[in-house]
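Please consider the following report on one protein model. It treats the overall dimensions, a metal site, helix packing and selected residues in turn.

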Amino acid sequence: MKLICPYCQTTRTSSSGYRTIRRWGKYYRSSDGQHLTRYWCSNCRKTFSAASTSPLKFQKKRQFNKSVCDLLTGGVSQREAARILKLNPKTIVRKFRKGSDLALDKLKEWNRKLPKCQEVEFDDLETFEHTKLKPLSVTLMVEFKSRRILGFRVASMPAKGLLAASSRKKYGYRVDDRAKARRDLFNEVKGLISSTAVIRSDSNPHYRSDVKRYFPKARYEVVLGGRGAITGQGELKKQVWDPIFSLNHTCAMLRAHINRLFRKTWCTTKKPDQLEKHIALYALEHNRRLATARGGS
Ligand SMILES: [Zn+2]
């Protein structure tokens, strides 16, 4: 086993032997019942263990991490998860925030390891923070067929139609961040998509110029958006053949598994950044479940 001191990077190899880093007792971690060995570094005279560099350092109740993630990506609200697991709601919030930060990094790492996509689809999913007068837009990019989520962004947008006037009156001017979010997303996923890939989306006048800018050699296909199959099913289309089915199906999966995105729900997003975290948590789980279903890694 190769040992590295997290403080001074001294390495113990088989040739350097025990002169550099030696064992310094053991301790018992009650939250997951593991025995961990402490080590002592002769260079900086500090002690450390495997937990010193772990992102879960100082976590109590780490045995609940998986259950919290499973519940929050299975359509359960944070309060309900607290009730089911008999934990304090604050514990759930902390685990949610920590877990989603880690999930975002893991999602990027996961996607980087896989071969570049040849066919992708993207579109916006609409939801809101606190009230329908404050809508949010989630831009999502997925791989065609496999439905793997490559990336997403949450942006604020002004209310449309009948709600526009009352939104303006009550909450004032609402910034439209959609274009910036879309460009950020394209910039992020650029490396995951083949330069000559096929990119598909529905007909939005703003999309074409951004696609051309970030994917100059790609083939861009515009499809017509259809009507929802039944009331409240915006993403699942009525038409028999949905040209951006992979994308719409993924949006529907998000709506079915993230309780703040349910339609006609009692539970709503209160802060856009927390919605982003929740999608991150689900996106990683989504890609994992798809890979398991296909028998992959
Ligand atoms: Zn050291």
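The sections below describe a predicted model.

## Overall architecture

The secondary structure of this predicted model comes to 8 helices and 10 strands. Along its principal axes, the C-alpha trace spans about 70 × 45 × 40 Å. The protein has 297 residues, of which 44% count as buried.

Contacts across the sequence can be summarised by one figure. Among the contacts in the protein with a separation of 6 or more, 54% are accounted for by residues 24 or more positions apart.

## The zinc site

A zinc ion is coordinated by the SG atoms of C5, C8, C41 and C44, at 2.2 to 2.3 Å. The arrangement is tetrahedral because the 4 donor atoms subtend angles of 104 to 116° around the ion, and the criterion for four donors requires all angles to lie between 85 and 135 degrees. For comparison, the ideal angle for four tetrahedral donors is 109.5 degrees.

In sequence, the donor residues follow the spacing C-x2-C-x32-C-x2-C. The pair C8 and C41 links distant parts of the chain, the two residues being 33 residues apart. C8 belongs to the loop between β1 (3–4) and β2 (11–12), whereas C41 is in strand β4 (residues 34–41). The two cysteines also have separate accessibility classes: C8 counts as partly exposed because its relative accessibility is 26%, while C41, at 0%, counts as buried.

Helix α1 (residues 65–72) packs against α2 at an angle of about 135°, and their axes are 10 Å apart. This angle makes α1 oblique to α2. The crossing of α1 past α2 is right-handed. On the α1 side, the residues that meet α2 are S67, V68, L71 and L72; their counterparts in α2 are Q78, A81, I84 and L85.

Helix α2 (residues 78–85) in turn packs with α3 at about 115°, with an axis separation of 8 Å. This crossing is also right-handed. The contact is made by Q78, A81, A82 and L85 from α2, and by P89, I92, V93 and F96 from α3.

## Packing of helices α3 and α8

The axes of helix α3 (residues 89–113) and helix α8 (residues 272–293) come within 8 Å and cross at roughly 50°. The two helices are therefore oblique to each other. In this case α3 passes α8 in a left-handed crossing. The α3 side of the contact consists of F96, R97, G99, S100, D101, A103, L104, K106, L107, W110 and N111. From α8, the contributing residues are Q274, K277, H278, A280, L281, A283, L284, N287, R288 and A291.

One of the α3 residues in this contact is G99. G99 counts as partly exposed because its relative accessible area is 24%. Its C-alpha atom lies 26 Å from that of R38, and G99 and R38 are 61 residues apart in sequence.

## Positive phi angles in loops

Most residues other than glycine have a negative phi. K86 is not a glycine, yet its phi is positive, at about 55°. K86 is placed in the loop between α2 and α3, and its relative accessibility of 73% is the reason why K86 counts as exposed.

H130, likewise not a glycine, has a positive phi of about 65°. H130 is found in the loop between β6 (117–128) and β7 (135–143). With a relative accessible area of 43%, H130 is partly exposed.

## A buried loop residue

L261 is located in the loop between α7 (245–257) and α8. At 1% relative accessibility, L261 counts as buried, since the limit for that class is under 20% relative accessible area.

When residues up to four places away in sequence are not counted, L261 touches L125, T127, L254, R255 and L275. L261 and F152 are 109 residues apart in sequence, and their C-alpha atoms are 15 Å apart in space.

Notes. Residues are numbered from 1 along each chain as its sequence is written. This is a predicted model: local features need pLDDT of at least 70, side-chain atom pairs count only at pLDDT 80 or more; totals for chains, interfaces and linings use all residues. Side-chain values use heavy atoms; hydrogens and water are left out. Donors are N, O and S atoms within 2.8 Å of the metal (3.2 Å for Na, K and Ca); water is not among the atoms, so sites may look incomplete. Four donors count as tetrahedral if all angles lie between 85 and 135 degrees; four count as square planar and six as octahedral if opposite donors are over 155 degrees apart and all others between 65 and 115; anything else is irregular. Helices (H or I, at least four residues) and strands (E, at least two) are DSSP runs, numbered from the N terminus. Buried means under 20% relative accessible area, exposed over 50%, partly exposed in between (1.4 Å probe, protein chains only). Axes are lines fitted to C-alpha atoms, for helices over the stretch in contact, and angles run from 0 to 180 degrees between N-to-C directions. Angles under 35 degrees count as roughly parallel, over 145 as roughly antiparallel, 65 to 115 as roughly perpendicular and the rest as oblique. A crossing is left-handed if the near helix is turned anticlockwise from the far one by less than a right angle, and right-handed if clockwise. Contact means heavy atoms within 4.5 Å.
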